[in-house]
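Student: I am new to this one and would like to understand how its features get their names. Could you show it to me and take me through some of them?

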Amino acid sequence: MKSFHGKIQMVDLKGQYCRLKSEIDAAISGVIESTSFINGPEVSAFTAGLEKYTGSGHVVTCANGTDALQIALMSLGLEKGDEILVPAFTYVASAEVIALLGLVPVLVDVDRDTFNISCASMEEAWSDRCRAVIPVHLFGQSADMERILSFASDKGLYVIEDNAQSFGALCHFSDGTSHMTGTMGNIGCTSFFPSKILGCYGDGGALFTDDDSLASRIRMIANHGQRIKYHHDITGCNSRLDSIQAAILRVKLSHIDEAISARRKAAEFYDKAFESLDEVRIPYRAPYSDHVFHQYTLVVKEGPAVRERLRVFLESKGIPSMIYYPLPLHKQKAFEKTAVLRTALDNSCVLSESVLSIPIHTEMSDGIIEYIAENVREFFGK
């Protein structure tokens with residue numbers, strides 16, 4: 001067994017900063033010297049860079065990923081009581097904004113292999129009160145967007161993609177085309193939380209759309225409902241990405257492909273190390289999606305007791321791990337009175353009791369990856 005000296009992180013933001021230090025320091029210094037802290041040229045430049053990288057017709061930056069989801073819903077002209085289909089196994093923000101706006105979250109199950117929204121469950125949970133669906137591209141992989149878009153078109157639903165965890169992933173369609181996650185629905189939303197694949201040094205988010213009128217409305221909502229200063233046509237909010245964060249993100253965007261490659265390299269090593277372990281299931285790769293590995297999530301087949309022992313064992317070896325997510329949304333108190341359930345949520349329940357994410361990030365040395373893999377194998381006696 002190899003030993004490792006040093007602190008292992010779930011995400012090594014300090015190491016990443018040190019690697020990009022000269023570029024990032026120069027970018028931050030440039031904003032401070034310009035004193036253009038809000039809606040400055042760095043925000044415009046980063047927005048243009050995002051549009052070029054993703055191929056999206058319009059990008060509107062905002063304060064965080066949750067705001068992006070809320071603004072997206074606000075832009076669609078929905079009415080209180082309208083239903084929104086959303087997976088039960090995801091971070092709370094995807095459903096939180098639905099309830100916050102007086103809409104109704106209809107919780108649906110996820111696929112046991114991909115962890116993404118189950119199309120069969122989505123179709124079963126639909127009612128004529130449904131107005132939109134929020135597919136969440138969880139852990140770094142696209143949901144089955146071809147089937148989701150077809151269903152949405154048939155039922156007249158808006159599609160809001162929650163792409164906080166899969167920035168840079170491609171979804172492949174049967175006609176041979178490929179599209180970046182966040183650019184296929186009516187609106188895509190993402191987060192620039194520091195631990196994300198493209199993360200800033202605070203909070204930040206963005207919305208993506210090819211619809212000119214939606215883009216105009218989204219910009220208004222994010223800016224107090226105004227097109228012209230002090231002329232407020234609709235009720236909006238104050239949600240903006242500051243120039244320092246935009247400058248940092250512009251540097252990181254220029255390195256995004258190498259960042260994704262580093263995550264994939266670590267995932268490939270883990271795959272080979274764990275493929276012979278019958279006790280765990282490694283991340284599944286859907287044939288219709290690339291994987292950018294925001295998380296590397298194992299499924300511990302024997303359930304919560306063994307998962308907890310594995311977590312404690314890894315902790316004793318200086319290896320962090322996280323459970324994303326310990327409770328599906330239908331078991332959260334916040335949704336006891338607001339959420340609607342029309343379909344079984346068995347996969348969401350099983351996954352919440354068996355998933356465990358281990359470190360994966362851009363700064364992982366071969367030594368760190370080997371040390372983590374060897375300790376997981378040791379726990380299972382391999």
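Tutor: Gladly! Helices (H or I, at least four residues) and strands (E, at least two) are DSSP runs, numbered from the N terminus. N116, for one, is found in the loop between β3 (104–108) and α5 (119–125). This is a predicted model, where local features need pLDDT of at least 70, side-chain atom pairs count only at pLDDT 80 or more, and totals for chains, interfaces and linings use all residues. Residues are numbered from 1 along each chain as its sequence is written, and side-chain values use heavy atoms, leaving out hydrogens and water.

Student: Is N116 buried or exposed, and how do you know?

Tutor: Buried means under 20% relative accessible area, exposed over 50%, and partly exposed in between (1.4 Å probe, protein chains only). N116 has 1% relative accessibility, so N116 counts as buried. Leaving aside residues up to four places away in sequence, N116 touches V110, D111, V136, H137, L138, Q141, S142 and A143; contact means heavy atoms within 4.5 Å.

Student: What makes the rings of Y17 and Y201 a pair, and of which kind?

Tutor: Rings of Phe, Tyr and Trp (its six-membered ring) pair if their centres lie within 6.5 Å; planes under 30 degrees apart count as stacked, over 60 as edge-to-face and the rest as tilted. By this rule there are 15 aromatic pairs. For Y17 and Y201 the centres are 6.2 Å apart and the planes at 75°, so the pair is edge-to-face. Y17 lies in helix α1 (residues 13–34) and Y201 in the loop between β8 (187–191) and β9 (205–209), so the pair ties together parts that are 184 residues apart in sequence. Y17, at 22% relative accessibility, counts as partly exposed, and Y201, at 32%, counts as partly exposed too.

Student: Why does the pair F293 and Y296 get its name?

Tutor: Their ring centres are 6.1 Å apart and their planes at 25°, so this pair is stacked. F293 is buried, with a relative accessible area of 3%, and Y296 is buried at 0%.

Student: How do you know how α9 and α12 are oriented?

Tutor: Helix α9 (residues 256–274) and helix α12 (residues 366–379) pack at an angle of about 30°, with their axes 10 Å apart. Axes are lines fitted to C-alpha atoms, for helices over the stretch in contact, and angles run from 0 to 180 degrees between N-to-C directions. Angles under 35 degrees count as roughly parallel, over 145 as roughly antiparallel, 65 to 115 as roughly perpendicular and the rest as oblique. That makes α9 roughly parallel to α12.
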